[in-house]
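Work through the exercises below with the sequence and the model at hand. Each task is followed by its solution.

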Amino acid sequence: GAQLEPAFAGATVHDLFNLLSVAILFPLEIISHYLYHLTKAMLPDSVNDGEEWEGPIKKIVSPLSDKIIKSNKDVIKDIATGK
């Protein structure tokens with residue numbers, strides 16, 4: 001009860017922000033291709049069309065998460081296959 005009302009209000013504000021972002025950015029992208037050109041400018045020249053690019057945040061976070069989280073791929077595979 002008491003927690004639901006503020007949570008619902010926060011979710012509504014979040015939804016409205018998303019809606020307004022799309023209402024502003026989508027027509028801007030359709031008219032000018034601004035987001036396409038911005039994204040293309042942000043990528044290094046070494047990345048070609050269709051290639052995967054590992055961003056700088058992943059390069060920072062991956063080594064840290066590897067020290068904290070060790071996943072056992074055999075266990076994950078067994079759970080997924082129902083063994």
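**Exercises: surface and burial**

The protein exposes about 8,000 Å² (Shrake-Rupley method, 1.4 Å probe; for residues, only the protein chains shown count as cover), and 67% of this area comes from carbon and sulfur atoms. This is a predicted model, in which local features need pLDDT of at least 70 and side-chain atom pairs count only at pLDDT 80 or more, while totals for chains, interfaces and linings use all residues. Residues are numbered from 1 along each chain as its sequence is written, and side-chain values use heavy atoms, with hydrogens and water left out.

**Exercise 1.** State what share of the 83 residues counts as buried.

Solution. Buried means under 20% relative accessible area, exposed over 50%, and partly exposed in between (1.4 Å probe, protein chains only). By this rule, 4% of the 83 residues are buried.

**Exercise 2.** Decide whether helix H4 is covered or in the open.

Solution. Helices are DSSP runs of H or I with at least four residues, numbered from the N terminus. H4 spans residues 73-81. The number of buried residues among its nine is zero, so H4 lies largely in the open. Gly82 follows H4 and has a positive phi, near 85°.

**Exercise 3.** Locate the nonpolar surface patch that includes Ile24.

Solution. Ile24 lies in helix H1 and is exposed, at 59% relative accessible area. Helices H1 (4-32) and H2 (34-42) each supply at least two of the patch residues; H2 gives the largest share, four.

Technical notes:
Patches are made of residues with over 30% relative accessible area and no salt bridge: like charges are joined within 9 Å, nonpolar side chains (Val, Leu, Ile, Met, Phe, Trp, Tyr) within 5 Å. A salt bridge is a side-chain nitrogen of Lys or Arg within 4 Å of a carboxyl oxygen of Asp or Glu.
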